[in-house]
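Please read them beside the structure.

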Amino acid sequence: MSQGARGEEGTPARRLSADERRSQLVDVALHVFAERGYTATTMDDVAMAAGVTKPLLYQHFDSKRALYLELVDAVALDMVEAISRVAATAEGPRQQVEAGIAAYFHLVASRQAAFRLLLGSDATGDPELSGALRRVEETVVELVDTLIDAGLEPEHRRLLAYGVMGMAEQASRYWLENPSTGPAGAKEGDRTAMEAEAARMARRIADLAWAGLRAVHRD
């Protein structure tokens, strides 16, 4: 509801604070970018979807590029916080790997627009924007690196972290678009079933990752 509108009972709607408005704009923009892609989306599209004027949108973001970069940073932060939180409570290396992958898939299920933004971005031809997407990947890889405790050399461990991250990313890409079992085929509002399927997918990928990690040679 735009500023100055009235509530259901005719009372003036509460004006959003600057932080609340910015948060609202980021949330709306995330869904617009995820649906239309970076190139096809305009600031007019975002303003219209948010129910605000374009000048108001520009009060918060200087450009479409600035808005997109903030979205990418926000998604990366959410991902790192979620994986770190569950991994910190895991009892051992096996549980850490499974918990980290489970957190990743649960984020995919609960924040589909965010992952469509990252996985399906058409902004990779732009050096600055593609660099932002790579930083998301590198940030998560660094976190996964810490979960691989196998007495390996740093470069060896980092290579494996990229491998684990690649498996999770490609599996989530397939899962997002799979109409039979993934979110694309889930009934509207059937969050419980979606979360259960996310957990099942996470276990499968964690089994594969852990089986591979156990067979790793230190040389």
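Is R65 buried, partly exposed or exposed by relative accessibility? R65 counts as partly exposed, at 29% relative accessibility; buried means under 20% relative accessible area, exposed over 50%, and partly exposed in between, with a 1.4 Å probe and protein chains only.

1. Basis. This is a predicted model, in which local features need pLDDT of at least 70 and side-chain atom pairs count only at pLDDT 80 or more, while totals for chains, interfaces and linings use all residues. Residues are numbered from 1 along each chain as its sequence is written, and side-chain values use heavy atoms, with hydrogens and water left out.

2. Overall make-up. The protein has 9 helices and 0 strands, so the terms need stating: helices (H or I, at least four residues) and strands (E, at least two) are DSSP runs, numbered from the N terminus. In sequence order the pattern is α-α-α-α-α-α-α-α-α. Of the 219 residues, 42% count as buried. Contact here means heavy atoms within 4.5 Å. Among contacts between residues at least 6 apart in sequence, 64% join residues at least 24 apart.

3. Side chains of opposite charge can pair when their charged atoms come close. Because R65 lies in helix α4 and E128 in helix α7 (residues 127-147), the pair ties together parts that are 63 residues apart in sequence. E128, at 42% relative accessibility, is partly exposed.

4. Salt bridge E70 to R22. In this bridge the closest N and O atoms are 2.6 Å apart. The pair links distant parts of the chain, with E70 in helix α4 and R22 in helix α1, 48 residues apart. E70 is partly exposed at 27% relative accessibility, and R22 is partly exposed with a relative accessible area of 27%.

5. Salt bridge R158 to E142. Here the closest N and O atoms are 3.9 Å apart. R158 sits in helix α8 (residues 154-177) and E142 in helix α7, 16 residues apart. Both ends are partly exposed: R158 at 24% relative accessibility and E142 at 45%.

6. H60. This residue is placed in helix α3. H60 is buried, with a relative accessible area of 17%. Leaving aside residues up to four places away in sequence, H60 touches A18, R21, R22 and L25. R22 also takes part in the salt bridge with E70.

7. Helix α2. Which residues of α2 (residues 43-50) are buried? They are M43, D45, V46, A47 and A50. Their cover includes α1 (18-36), α3 (54-60) and α4 (64-88). After α2 comes G51, whose phi is positive, near 70°.

8. Packing of α1 on α6. The two helices pack at an angle of about 50°, with their axes 8 Å apart. That makes α1 oblique to α6. Axes are lines fitted to C-alpha atoms, for helices over the stretch in contact, and angles run from 0 to 180 degrees between N-to-C directions. Angles under 35 degrees count as roughly parallel, over 145 as roughly antiparallel, 65 to 115 as roughly perpendicular and the rest as oblique. The crossing of α1 and α6 is left-handed, meaning that the near helix is turned anticlockwise from the far one by less than a right angle, whereas clockwise would be right-handed. L30, H31, F33 and A34 of α1 meet A113, A114, R116 and L117 of α6. By class, this contact has 6 nonpolar, 1 polar and 1 charged residues; Ala, Val, Leu, Ile, Met, Phe, Trp, Tyr, Cys and Pro count as nonpolar, Asp, Glu, Lys and Arg as charged, and the others, Gly among them, as polar.

9. Packing of α6 on α8. Helix α6 (residues 112-119) and α8 pack at an angle of about 120°, with their axes 11 Å apart, and are therefore oblique to each other. α6 passes α8 in a left-handed crossing. The contact is made by Q112, F115, R116 and L119 of α6 and by E169, S172, R173, L176 and E177 of α8. By class, the contact of α6 with α8 has 3 nonpolar, 2 polar and 4 charged residues.

How values were computed
Salt bridge = Lys/Arg side-chain N within 4 Å of Asp/Glu carboxyl O.
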